[in-house]
Amino acid sequence: MAKQSAASPRRVAYANHLVIMAKAPQLGRVKRRLGREIGDVEAVRFYRSCLSHTVLRLARDRRWRTLLAIDPDRDVGACFSLSRKLAARLTQGKGDLGQRMQRLFRRLPPGPAVIVGTDIPAMRAGDIAQAFAKLGGADAVFGRAPDGGYWLVGLKRVPKLLAPFAGVRWSSSRALVDTLKHLKGKRIGFVTTLSDVDIKRNWQLERVGAERLIVAVGATRARLIQL
């Protein structure tokens, strides 16, 4: 069997597709705002835990096909050992967040698609299932964040792929409003409102549930243990 390219997901039949956007967990690259408050080492440790927890929690679900989109592109084959067994990997490409998400939506095989990040400790498989269910009657679906952004975005992608991300003021209280302006007249669904962890207070609140170790069991099994 030919080796699958990390930058080009294998073409499959019409199905639900979940994309987890992730950054290489390196000092100075992830959770920089949080790192200014709790230290870069602890922030990276927290991000690694969230990443592993998210992949383990979501990628085993057979209601969708999971892909891990990695930034920077050069690290697509060099890290995330857990994901090798649970999720196909692909690159995000260049550009701002909107350009990278639009590229991912465009590249995926046919079927509804949902994109999430990795630093939402409260995210559960039920939230993802709800998003795909909403896309049965909506053109787009969002998971609101309390700060005015969103932690989840999904597009039905038929009869054509929508392009709602141009000119969005990312990392601001206007991100969701800006995106919705491009979707006037479209059917929009919403799922649970959840928060990411970018400040010390949120980190303290979420730490008990989010800080876990991934322990491999044999060649194909893994389990979570509480720190």
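Start by selecting Ile128, which touches Leu18, Leu58, Trp64, Val116, Met123, Trp151 and Leu152, leaving aside residues up to four places away in sequence (contact means heavy atoms within 4.5 Å). A quick note before moving on: this is a predicted model, where local features need pLDDT of at least 70 and side-chain atom pairs count only at pLDDT 80 or more, while totals for chains, interfaces and linings use all residues. Residues are numbered from 1 along each chain as its sequence is written, and side-chain values use heavy atoms, with hydrogens and water left out.

Next, pick Val116, Ile128, Trp151 and Leu152: these have the most contacts inside the largest nonpolar core, a set of 28 residues. Such a core is made of buried Ala, Val, Leu, Ile, Met, Phe, Trp, Tyr and Cys residues joined through side-chain atoms within 4.5 Å; buried means under 20% relative accessible area, with a 1.4 Å probe and protein chains only. Elements giving two or more residues to this core include strand 1 (17–23), helix 2 (40–58) and helix 5 (125–134). Helices (H or I, at least four residues) and strands (E, at least two) are DSSP runs, numbered from the N terminus. Helix 2 gives the most, with 5 residues.

Now try Val19, Ala88, Val153 and Leu162, which belong to a second, separate core of 21 residues.

Last stop: Gln92, in the loop between strand 3 (88–91) and helix 4 (97–107). Is Gln92 buried or exposed? Gln92 counts as buried because its relative accessibility is 1%. Among the residues that Gln92 touches are Met21, Asp71 and Arg103.

How values were computed
Buried < 20%, exposed > 50% of the residue type's maximum accessible area, 1.4 Å probe, protein only.
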